[in-house]
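Please look over the model below before reading my comments.

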Number of protein chains: 2
Amino acid sequence: MTTNIGILVIGNEILDGLVLDTNSQWIINQLKALNFHVIQKTTVRDEIPVIGRALRRLISNGCNLIFTTGGLGPTHDDKTLLGVANAFDLPMGLNDQALEIVTRQYTDLHQRGVIGSAEMTEPRRKMAILPKGANPLDNRVGGAPGVVLDIEGAQIICLPGVPGELMWIFDNQVLQLLKSKVEGAFAEDVIYLPLRDESTLAPIIDDVMRDIPGVYIKSMVKPYGESGIRLWISAGGQSQEEVEEKVNRVANLLVKRCEDQLIND
Amino acid sequence: MTTNIGILVIGNEILDGLVLDTNSQWIINQLKALNFHVIQKTTVRDEIPVIGRALRRLISNGCNLIFTTGGLGPTHDDKTLLGVANAFDLPMGLNDQALEIVTRQYTDLHQRGVIGSAEMTEPRRKMAILPKGANPLDNRVGGAPGVVLDIEGAQIICLPGVPGELMWIFDNQVLQLLKSKVEGAFAEDVIYLPLRDESTLAPIIDDVMRDIPGVYIKSMVKPYGESGIRLWISAGGQSQEEVEEKVNRVANLLVKRCEDQLIND
């Protein structure tokens, strides 16, 4: 089955412009190496029913692997897990394995002198209260475990918003969950053409995409005045050799036809 | 009527990790100065029905002012206006005023020696074909006009993805459209507290939010090891003086209670 990925970014700080979301681009680029396709990204505020509805919407739009970022911490505005519970009508309960992670992390941080007390306070305990059926993902950078939940044919993976924690959990816990889902091959290339005008390029792209099917060409202009247009060529398929050959052929053809165009201009 | 803003970011280059979307944060920060509230942001691929469905979804989620970014250019992958037409079942047609803008821009770029020919080719003409009822927004940086459409009680504003063009159209065309919608007052402050542990802060934030209602406090941790927690305090209301006073009061109270906490720790 094809893996269709959705990303749900959770946090008022993003929608109010205080923080630039760089987490999702990082996740997307890790997933690209596995040939996974992100079909939609949604960013919502810290509101439980809004988070719940956004999750259900991603599933109804065809996503069967959903990453959430943000909202796993100890404060009142961290509502992601309540949003997940809301989406699937699940009770919340203390998860022993999650509590072990939280306990170990605060003990460790205390022993290293980073925090004053290792006591299991209510705000810390909150991070071990998960929707029923969910499992924690170890976090050795911060206090909040990641969370994975398999439900209704989809897998939901909740990661903290702090980039260093998100990256550690992804690299050390999530990657091994994803390996069984990998299929097919993917290749891409980015080329720069010495044209200044995207409208001149449009018929050339159309011709090349017609001549070599199965390749996607995306053009991105720089502001006028700056030179060059960036072309991104990508292809998916069954064999790595085949898709790489196709992308190379398209890149060469685009360069050649643009040179012809410049000579004729 | 409250203005509820939705942002629809359109482009495979974003969902495939090639480009980091900085446009929406820029737009959000411009809107914040007008006291406008962004309730949702969605990022979708360059597919007409997907764009159409995402627009309808933002409206059904309560957005009455929607910005789209990207997909207004001359190439095959620029599908935003077809997506808008799809959402509201509108026919597409050549818009004379848009054609004037496009013609003027290419004539000007040709005269300045930036492009080889000012001819009105099909790809250039495409940028003047708008959904019925839509009007163009002048663009003096690039070739593609912005587009504004009032429909079903909502206003849709389509901006190009090239940041310099988007910014020019926003500053010179969009701001005057928005001024009639401004209402209320807004204040915010960002403070840093010398704590390393967000879980210690959680009950303090809860207390302060209970003591001074109508203020939102969002805490953002840095990775453990780095010192300090960033707290963002914001409030909306009718009078500017009142909301600023409230935000100041909360900031002072948070600092004081954290100092008490550190002494007791």
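This is a predicted model: local features need pLDDT of at least 70, side-chain atom pairs count only at pLDDT 80 or more; totals for chains, interfaces and linings use all residues.

1. Residues are numbered from 1 along each chain as its sequence is written, while chains are lettered from A and ligands numbered from 1 in the order in which they are written.

2. Chain A averages a pLDDT of 91, with 97% of the residues at 70 or above (pLDDT is the predictor's confidence in each residue, from 0 to 100). The ipTM is 0.84 and the pTM 0.86.

3. Chains A and B each give 57 residues to their contact (C-beta atoms, placed from the backbone, within 7 Å). On chain B, the side touching chain A has 24 nonpolar, 19 polar and 14 charged residues. Nonpolar means Ala, Val, Leu, Ile, Met, Phe, Trp, Tyr, Cys and Pro; charged means Asp, Glu, Lys and Arg; the others, Gly among them, are polar.

4. Strand β2 (residues 37–44) of chain A runs antiparallel to β2(B), joined by five bridges. Strands are DSSP E runs of at least two residues, and two strands pair if DSSP finds at least two bridges between them. A:Gln40 has B:Val44 as its bridge partner.

5. Chain A is assigned domain 1 (4–181) and domain 2 (185–264); the bounds come from an automatic or database domain assignment. Their centres, taken over C-alpha atoms, are 37 Å apart.

6. A:Leu8 contacts A:Thr42, A:Val44 and A:Ile66, among others beyond four places in sequence.

Definitions and conventions:
Two residues are in contact if their C-beta atoms, placed from the backbone, lie within 7 Å. Helices (H or I, at least four residues) and strands (E, at least two) are DSSP runs, numbered from the N terminus.
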